[in-house]
Amino acid sequence: MNTTLLRTLVLLAASLAGNTAWSQAYPTKSVRLIIGGLPGTAPDIIARVMQPHVSESLAQPLVIDNRGGGAGVLAGQITVTAPADGYTALLTGGGGMSIVPFLTKKRPYDPVRDFTPITLVTIAPMVFACHPALPAKSVQDLIALAKARPKELLFASPGVGSIHHLAIEMFNRAAGVGMVHVPYRGGPPAVMDAIGGRVQLVVTTVIPSQPHVKAGRLRPLGVTSLKRVNVYPEVPTVSESGLQGFEALQWFAMFAPRATPAAIRERLFSEVRKAVEIPSVASALAEQGQDLAVNGPQALAEFQRTEIAKWHKIIVHLRESGIVLE
């Protein structure tokens, strides 16, 4: 055998053996999980439900580090600069990894190039709801009303560039209507102004809307997933209401800094999957309106690229229409 080839094979075998031994020893200290949200937000709740079980399985503490700001962008920026050694991971919402980085000319990071995926964790359907005084009891009623009253209906969201906001704009485009987006600083004030009648409609996640629907303060018109949700089994999807294929989901996933070893990512994926399969964890997440969607690194990468492509079309359309998103 050629001497150079033999030397190369020996070095490769030694490298693989070293990587295997290192990954088997992982972790030897606490793992920091950066959260793209403040305490009490969806990614924080997801992390804290899983935390004790993942810590026990890793035999090392999983330390939660909340970094709210910029719809998850601050958390992403911190993660990008962390060592790719498996001791820093990110749990954040889909907006920060498929929408927000593309809203400005100077990107804070590239959500594909600068990260490596671990796993999707949960998805959360949203609901289009209106004030009960609005004469619309279905998505088709809403479309007819919006066409009859162009630029009059006010549709609230938790903020510019959020998945909620782009869901409204995607609806406008698909239905050929022009409802006016009204951004708020977070979901609760948007919901409260819809209840108070200061705006006619709001898009929100399912669980926060439930008590207001039960009390008659809001009327659900359509859910944004492709399948109906257990909370509102009688409420049709937007897709089945005439806008076939319409889908807009909140999603929460784990990423690591680029170049984090594959063996480490697989280990973290395995620990998250084991944690969410515990009945008490699955039940707690379901109570928050979160549907389990743990799928691993490759599936998350494919899902993320699909989401980026979908929302990029809406962003481009808005810019071409003269709407400023920054």
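## Close-up views of a predicted model

**View 1. Helix α6 packs against helix α11.** In this predicted model, helix α6 (residues 163–175) and helix α11 (residues 297–320) pack at an angle of about 70 degrees, and their axes lie 10 Å apart. That angle makes α6 roughly perpendicular to α11. From α6, the residues in contact are I163, L166, A167, E169, M170 and R173. They meet K310, W311, K313, I314, I315, H317 and L318 of α11. Sorted by class, this contact has 8 nonpolar, 1 polar and 4 charged residues.

**View 2. H165 sits within helix α6.** Staying with helix α6 (residues 163–175), we can pick out H165. Is H165 buried or exposed? With a relative accessible area of 2%, H165 is buried, since buried means under 20%. Look also for V202, which is 37 residues from H165 along the chain. The C-alpha atoms of H165 and V202 are separated by 9.8 Å.

**View 3. Helix α2 meets helix α9.** Here helix α2 (residues 42–58) packs with helix α9 (residues 262–276) at an angle of about 130 degrees, with 9 Å between their axes. The two helices are therefore oblique to each other. The crossing of α2 past α9 is right-handed. On the α2 side you will find M50, H53, V54, S57 and L58. Their partners in α9 are R267, E271, V272, K274, A275 and V276. The residues of this contact divide into 6 nonpolar, 2 polar and 3 charged.

**View 4. Helix α2 also packs with helix α10.** The partner in this view is helix α10 (residues 279–287), which packs with α2 at an angle of about 175 degrees, their axes being 10 Å apart. How are α2 and α10 oriented to each other? They are roughly antiparallel, because their angle of about 175 degrees is over 145. I46, V49, M50 and H53 in α2 meet V281, A284 and L285 in α10. This contact has 6 nonpolar residues, 1 polar residue and no charged ones.

**View 5. Strand β9 pairs with β3 and β4.** Strand β9 (residues 249–257) has 9 of its 9 residues buried, so the rest of the structure largely encloses this strand. Strand β3 (residues 88–93) pairs with β9 in the antiparallel sense, over 4 bridges. Strand β4 (residues 115–130) also runs antiparallel to β9, and 9 bridges join the two.

**View 6. Strand β3 is mostly covered.** How many of the residues of β3 are buried? The count is 6 of 6. In a regular strand the side chains alternate between the two faces of the sheet. In β3, T88, L90 and T92 point one way, while A89, L91 and G93 point the other way. Both sets are buried. Besides its antiparallel pairing with β9, β3 pairs with β1 in the parallel sense over 4 bridges. Within that pairing, A89 in β3 is the bridge partner of L33.

**View 7. A cis peptide bond joins Y26 to P27.** Most residues other than glycine have a negative phi, and most peptide bonds are trans. The bond from Y26 to P27 is cis, with omega near -5 degrees. Where is P27 found? P27 belongs to the loop between α1 (3–25) and β1 (31–35).

View 8. A59 lies in the loop between α2 and β2 (62–66). Its phi is near 65 degrees, a positive value in a residue other than glycine. A59 counts as exposed, at 61% relative accessibility. K151 is found in another stretch, the loop between α5 (139–148) and β5 (154–157). K151 is not a glycine either, yet its phi is positive, at about 65 degrees. With a relative accessible area of 63%, K151 is exposed.

Conventions
Residues are numbered from 1 along each chain as its sequence is written. This is a predicted model: local features need pLDDT of at least 70, side-chain atom pairs count only at pLDDT 80 or more; totals for chains, interfaces and linings use all residues. Side-chain values use heavy atoms; hydrogens and water are left out. Axes are lines fitted to C-alpha atoms, for helices over the stretch in contact, and angles run from 0 to 180 degrees between N-to-C directions. Angles under 35 degrees count as roughly parallel, over 145 as roughly antiparallel, 65 to 115 as roughly perpendicular and the rest as oblique. A crossing is left-handed if the near helix is turned anticlockwise from the far one by less than a right angle, and right-handed if clockwise. Contact means heavy atoms within 4.5 Å. Ala, Val, Leu, Ile, Met, Phe, Trp, Tyr, Cys and Pro count as nonpolar, Asp, Glu, Lys and Arg as charged, and the others, Gly among them, as polar. Buried means under 20% relative accessible area, exposed over 50%, partly exposed in between (1.4 Å probe, protein chains only). Two strands pair if DSSP finds at least two bridges between them.
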